[in-house]
Protein chains: 2
Amino acid sequence: MNKKEIIIQSAIKLFGTKGFEGTSVRDIAADAQVNVAMINYYFGSKEKLFENVVEYRASFLKGIFVELINNKSLTPIEKIDIIIDHTVERKFSNSQFHHLLHRELSLEHRPQLRDAISDILLKNMNPVKTIIKNGIKDGAFQPVDIELTLTTLLGTIHYLLTSDTMCRKILGKKPGFSPFQNKQLKKRMSEHVKKLMRSHLLKI
Amino acid sequence: MNKKEIIIQSAIKLFGTKGFEGTSVRDIAADAQVNVAMINYYFGSKEKLFENVVEYRASFLKGIFVELINNKSLTPIEKIDIIIDHTVERKFSNSQFHHLLHRELSLEHRPQLRDAISDILLKNMNPVKTIIKNGIKDGAFQPVDIELTLTTLLGTIHYLLTSDTMCRKILGKKPGFSPFQNKQLKKRMSEHVKKLMRSHLLKI
DNA sequence: AAATTTCTTAAACATTTGTTTAGTTTTAAA
DNA sequence: TTTAAAACTAAACAAATGTTTAAGAAATTT
């Protein structure tokens with residue numbers, strides 16, 4: 001791993017836990033064990049570094065669900081199940097990064113960055129939209145509010161992971177309980193959302 | 001409205017839109033049209049001001065749902081409907097403040113503030129938890145995952161309001177569309193969540 | 001009316017911020 | 001081996017940060 005990547009890794013960690021404004025370039029340099037000037041040398045500015053961080057991570061979660069759309073060997077609800085599992089896995093593993101994205105999204109400065117982030121998040125939503133739409137057309141699904149159904153799917157998972165403190169309190173767990181990367185909790189969430197989506201989407 | 005309150009109002013606005021670290025005390029002073037020193041004079045520090053902001057707003061949303069628990073003239077699902085309407089209304093009207101809370105919650109510094117915030121958010125969750133629990137006990141509701149059902153209710157509404165940009169993109173609306181305080185969207189959200197909760201909670 | 005407390009101000013304070021500079025070392029090519 | 005580009009460093013830069021100070025104005029109490 002070259003220095004550029006080391007810096008990006010430290011930036012993901014620190015931006016994720018302390019926020020963009022809450023992290024100084026010196027914090028990042030110290031964590032990455034490089035000279036402060038290297039950040040501007042490689043990335044030009046703190047803001048450009050942020051954009052690099054977003055791009056870097058975005059490249060990992062590109063178009064996972066596109067091929068699902070035209071898959072004929074899976075029923076619509078089976079596709080939804082797969083999407084749920086993927087989303088739970090992704091959000092649980094990269095919760096820091098997801099918070100970073102959502103935190104920036106909820107701020108009103110740096111509009112071009114907000115656009116970039118919302119585009120990234122949307123890229124994964126559109127195929128799912130299509131799958132639900134097709135499910136309705138085929139008669140497999142009820143005529144639900146597609147956009148808000150998607151919002152439910154993502155929002156449920158996202159909300160629980162807002163913070164470990166919050167998560168513990170919602171679930172009534174003791175201070176020692178660490179929710180992220182918790183296999184049991186992942187499974188519990190997966191099952192809840194699947195059940196929820198079945199009762200919501202499937203015809204009775 | 002005295003100067004203390006004017007400062008708090010400006011702080012809510014600016015912390016909400018630009019974040020805690022992204023807002024300087026001079027920004028707040030300028031918006032409130034007071035001298036910078038007044039902030040430290042009244043509140044002691046920027047951080048104390050933040051705590052005051054949280055307390056100030058928290059006092060408005062205290063225990064709205066507690067009286068619902070023992071209400072005998074409403075069916076469990078009717079209670080849920082009321083909760084949904086209240087929550088949609090509350091989140092849509094104070095989306096800035098809610099973002100402020102959730103943004104701070106997802107950061108790892110200022111742990112005592114995180115605790116305070118999660119306690120506030122939880123105060124409104126616990127009565128709902130009880131209502132669902134009683135509904136299950138009475139046989140009106142299916143034996144669902146109570147905590148995650150709550151997460152779905154809040155998460156769905158919250159996720160859509162992450163940002164106006166995001167909201168527009170999810171819903172496929174044009175740039176001019178302003179989601180917050182939009183009556184139609186409020187109604188649409190209310191109906192979606194109610195439908196969702198009925199199919200999820202009620203026995204077939 | 002005098003005294004005292006409260007409010008308000010402009011200026012200054014010490015840090016911290018992101019960034020740049022000017023120089024050095026390392027690496028690779030000619 | 002010389003040369004040129006790339007990587008790296010310590011120091012300095014100006015601007016912005018939260019906070020304090022010391023003085024004055026306004027309000028309240030005595």
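**Figure 1. The fold of chain A, which has eleven helices and zero strands.** In this predicted model, a reader who follows chain A along its sequence passes through the pattern α-α-α-α-α-α-α-α-α-α-α. Taken along the principal axes, the C-alpha atoms of chain A fill a box of roughly 60 × 40 × 35 Å. Of the 204 residues in chain A, 38% count as buried. Among the contacts in chain A that link residues at least 6 apart in sequence, 64% join residues that are at least 24 apart.

**Figure 2. The surface near DNA strand D, to which both chain A and chain B give residues.** There are 16 residues around DNA strand D, and those that come nearest are Asn35(A) and Ala37(A) from chain A, together with Ser24(B), Ser45(B) and Lys46(B) from chain B. The largest share, four residues, comes from helix 3 of chain A. When the residues of the surface near DNA strand D are sorted by class, eight are nonpolar, four are polar and four are charged.

**Figure 3. The contact between chain B and chain A, in which 44 residues of chain B meet 44 residues of chain A.** On the side of chain B that touches chain A, the elements that give two or more residues are helix 1 (3–18), helix 7 (95–105), helix 8 (111–138), helix 9 (146–160), helix 10 (164–171) and helix 11 (183–201) of chain B. Helix 9 of chain B gives the most to this side, with ten residues. By class, the side of chain B that touches chain A holds 15 nonpolar, 19 polar and ten charged residues.

**Figure 4. The rotation axis that relates chain B to chain A.** In general, two copies of a chain are related by a rotation about an axis and a shift along that axis. Here, chain B is superposed on chain A by a rotation of 180° with 0.0 Å of shift along its axis, and the RMSD is 0.1 Å. The two copies are therefore related as by a two-fold rotation axis. The same surface serves both copies, since 100% of the contact residues of chain B recur in chain A. Of the residues of chain B, the one whose C-alpha comes closest to the rotation axis is Gly155(B), at 2.2 Å.

How values were computed:
Residues numbered from 1 in each chain as written. Chains lettered and ligands numbered in written order. Predicted model: local features only at pLDDT ≥ 70, side-chain atom pairs only at ≥ 80, totals over all residues. Near = placed C-beta within 6 Å. Nonpolar A, V, L, I, M, F, W, Y, C, P; charged D, E, K, R; others polar. Contact = placed C-beta atoms within 7 Å. Least-squares fit on C-alpha atoms with pLDDT ≥ 70 in both. Buried ≥ 20, exposed ≤ 12 C-beta atoms within 10 Å, placed from the backbone.
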